[in-house]
Amino acid sequence: MKATATWALTRAVLGREIALFKRYWINSLSGILTTYIMFLMLFFGGQAAVGDTAIDDSLAGIIVGFFLWSLSFSAFQTPATAVSDEAQWGTLEQLYMSPFGLNRVMALKAVADLAIGAITSILLLVLMMVTSGTFLAFNVGTVSVLVVLTMCSALGLGLAFGGVAIIYKRISNVFLLVQFLFLGALAAPPDPQFHLLPLAFGNDLLRGAMETGTPLWEIPAADLVFLGTKAAVYLLVGFVVFSACVRKAKRDGVLGHY
Amino acid sequence: MAQTERKQATGTDDSLLRAAQVRKVYRGSAGEITAVDGISLDVSSGEVVGLLGPNGAGKTTLIKCCLGIVSPTDGEIIVNGADPFDSPRAAYRSVAAMLEGARNVYWRLTVRENLRFFAGLQGRRPTKVDGQCDRVLRRVGLTEKADEVARNLSRGMKQKLSLACVLIRDTPLLFLDEPTLGLDVEAKEDLKDEITRLADEEHRGLVVCSHDMDTIRDVCDRVVIVNDGRVVTRNKMDALLDAFQTSAYRLEFAETGDVRSGLDSFRTEWHGERLDVTVPDNKALYNLMEQLRACDAVVDSIETVQPDLGEIFLEITDETGQTAGRQCERDIFDGDADYTAGVKS
């Protein structure tokens, strides 16, 4: 497939997401506000419960964790819930009949949503830093690389669950459980036994980089290789499960059913 | 325009779809269900093929098999030279489908945004297709609604938008499943003209699946009637209508005599003093006349009943009709090498 055609698909998918984001801006804004209100509750509630000093010690972790958590919404939920939505709208089969294939269309949709989600998450990050008075280093290159690699685990899981949704359609309760898994992984201590959890380890590296302003090239190469390998494995497993589920859906004749 | 004339006009007999002996068996806890049982279907460029059948006959499964959305248990499918299962990307450059009518579009996007998105799905830059969008919108009568959000459109307009989204993909082969659903009379006529134009002028191949017999009769070159997963009749539209035209007669009597009880061996239907009778062949017509004479009936007038595709469809797909369909098919296609009977007993 020519690069121009792929670019055309990218523009079409991104254009659709932007159009929907703008048209339903109240809904889009309410998502940011909800996460911000949760942060406020945690921040002020924490201050009241354990005191300023204790909460300040872990504030950078909380801010980075919330930033990643809000981004993981886009990374995970896009492929996972999009399948149910598209099946419900009767458009899933149309996406499947794209010469690019359903995998690529869904992956591009996830990337487009992630790009839009990144903008809203950065807005949230600024709000959190202003509210808490804790300003973290934001080296665009370093943060971008670490965020993308960290989000791959959420994206891979999203693809896998999106595949399951192709067969069973309504699995939104399972999605909720995965959100709690993400929260747990973000709150997990930086011990090696937790490094394989989605979002974990990348969260640790990002927090370190934003707290100390460490640039990417000063992060140990072994850590970056591990993060990259983990991202690739999660994505690969996600694609394999998604493809297997599509094959089963075609065999059972349920690709477009809702 | 008849199929053969279209082929002459286009100067090609390229096959856009070749589905051979397609079979689909669903296996579940309740056992096996054969949805499609050895159906073959061919579509050439410039040809409109009607696919008819009662609910649950296997039409949708067959279409989805042809589109690569449902994996067939057996059989071969080639879309414009590409296998949709082995080479889906090549196949999907050649085929687009309107599967569930108005449900095929994004209700939260505007009409134009929908068209741009579906053009993009085909690898065409959304901003480069505005001219084509305008042309497609003009053809389906949605120009004034270009910037309207789809969910605000009427049912019929959503249906038109769905068709527009298929057309914008610009593929040589189109599947239209119930394209006239929800359309008013005028819109239906416009759609029929558009289907005919797509075949005649753009030489596209179309498979139209509909319960709207008028549409099927007016736009299709050939019709394939399926029931219980099998082809019951496969015929040129004109030939199908002709076959049933010669077998049904309407008689009016000056005197009926004992005729109401004396025609048990024929399919009859009384409308007051008027009798519609269907005979299997010309020889039987003479037998009918003999019996009328034996019943002391005096025939005032006799005329050929103009066939109605809906009645033909019902006749063919009911149990007794299957026999009629088979007979009809044999009559028409004896010696015609281009078409096979396609009837499995």
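Predicted model: local features only at pLDDT ≥ 70, side-chain atom pairs only at ≥ 80, totals over all residues.
1. I37(A) is found in helix α2 of chain A, residues 25–50, and counts as partly exposed because its relative accessibility is 45%, the class between buried (under 20%) and exposed (over 50%). An α-helix has 3.6 residues a turn, so residues three or four places apart point the same way.

2. Chain A has 10 helices and zero strands, helices being DSSP runs of H or I with at least four residues and strands runs of E with at least two, numbered from the N terminus. Of the 258 residues in chain A, 51% are buried. Among its contacts (heavy atoms within 4.5 Å) between residues at least 6 apart in sequence, 82% join residues at least 24 apart.

3. The area buried between chain A and chain B is about 3300 Å², with 55% of it from carbon and sulfur atoms; buried area is the accessible area (1.4 Å probe) that two parts lose on being put together, summed over both. Q94(A), M97(A) and P99(A) supply 21% of the area that chain A buries against chain B, more than any other three residues. The contact takes 36 residues from chain A and 37 residues from chain B.

4. Two salt bridges are found across this interface, a salt bridge being a side-chain nitrogen of Lys or Arg within 4 Å of a carboxyl oxygen of Asp or Glu. The side chains of R23(A) and E113(B) meet in a salt bridge at 2.8 Å, N to O. On the side of chain A that touches chain B, the largest share, 10 residues, comes from α1(A).

5. Helix α4 of chain B (residues 111–121) is mostly covered, with nine of its 11 residues buried, among them V111(B), R112(B), F117(B) and F118(B). The buried residues of α4(B) pack against α1, α5 and α6 of chain A together with α5 and α6 of chain B. After α4(B) comes G123(B), whose phi is positive, near 90°.

6. As to conventions, residues are numbered from 1 along each chain as its sequence is written, and chains are lettered from A and ligands numbered from 1 in the order in which they are written. Local features need pLDDT of at least 70 and side-chain atom pairs count only at pLDDT 80 or more, while totals for chains, interfaces and linings use all residues, and side-chain values use heavy atoms, with hydrogens and water left out.

How values were computed. Buried < 20%, exposed > 50% of the residue type's maximum accessible area, 1.4 Å probe, protein only.
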